[in-house]
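Take a moment with the sequence and the fold before reading on. This short report walks through the chain as a whole and then some of its parts.

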Amino acid sequence: MTTPSQLHELARQGNPKAISALLNQELKSDGLRSKTALKEGCLHVVLESDDRVPDRARCLDVVRVKVVNLEIEGVDRVRVYGRRSGEEKVDWNQEFAVAVGGYSNLLFSHSHGTTGSPEMDSPSPTPTPPPPKPHPKHRPNLFVGLAIVVALILVTIGGFVLLQQFSNDSDTSNDTSDVEKRWFGYAAIADSNRRCSVFGSP
């Protein structure tokens, strides 16, 4: 015969019969029986009652507290099913995540018209994906604002440099005009001197 401490140790190791036996001790006063299966990190717990649909809130409280206290190895989610004995379809099912520190979060809930509880030997059900993360609200981006300011400063500096270059080019062209005037002046003088010497002017 298994002692209570051995039963707890087996349940901690993920033994479905030991988990079910401990849950049955808690639920016996409510007229409920449990069947459990452990598949891919999810503990499936089917709760049955002979005369009525199991009370969802009471069942979830008992299962949640027991599973969290047992700290079952390899269990990160629990799905609980409620139905009348002998029926294939479950009246409700609910899944929650087992979190550190004894708290858990509701992941999935469904009532009436579900396809039924998982068969203990059937392939693992498809896990419910976690809810999507909310998108962050749009905020003004400091980087974009800073880039715009820097671009405006660069455009202003570039315009100033171009204006200075244009001004310098104008001054240089004026200097070139003076040089050209002087050159043409000297050339004209030299040309007139040459003409004088060719024609034999005194």
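Predicted model: local features only at pLDDT ≥ 70, side-chain atom pairs only at ≥ 80, totals over all residues.

The chain has four helices and five strands. Along the sequence they run in the order α-α-β-β-α-β-β-β-α. Of the 202 residues in the chain, 27% are buried. The chain exposes about 14300 Å², and carbon and sulfur atoms supply 60% of that area. Contacts can also be sorted by sequence separation. Among those between residues at least 6 apart, 52% join residues at least 24 apart.

Now to helix 3. This helix covers residues 56-70, 15 residues in total. At 1.5 Å a residue it should span 21 Å, and its end C-alpha atoms are 21 Å apart, so the two values agree. Its buried residues are Cys59, Leu60, Val62, Val63, Lys66, Val67, Val68 and Leu70. What covers them includes helix 1 (4-12) and helix 2 (16-27). Strand 1 (32-39), strand 2 (42-49), strand 3 (77-84) and strand 4 (92-98) are also part of that cover.

Just after helix 3 comes Glu71, with a positive phi. Glu40 also takes a positive phi, and Glu40 is not a glycine.

Definitions and conventions:
Residues numbered from 1 in each chain as written. Heavy atoms only, no water. Helix = DSSP H or I, 4+ residues; strand = E, 2+ residues; numbered from the N terminus. Expected span 1.5 Å × (residues − 1). Buried < 20%, exposed > 50% of the residue type's maximum accessible area, 1.4 Å probe, protein only. Contact = heavy atoms within 4.5 Å. Areas by Shrake-Rupley, 256 points an atom, 1.4 Å probe, with all protein chains shown as cover.
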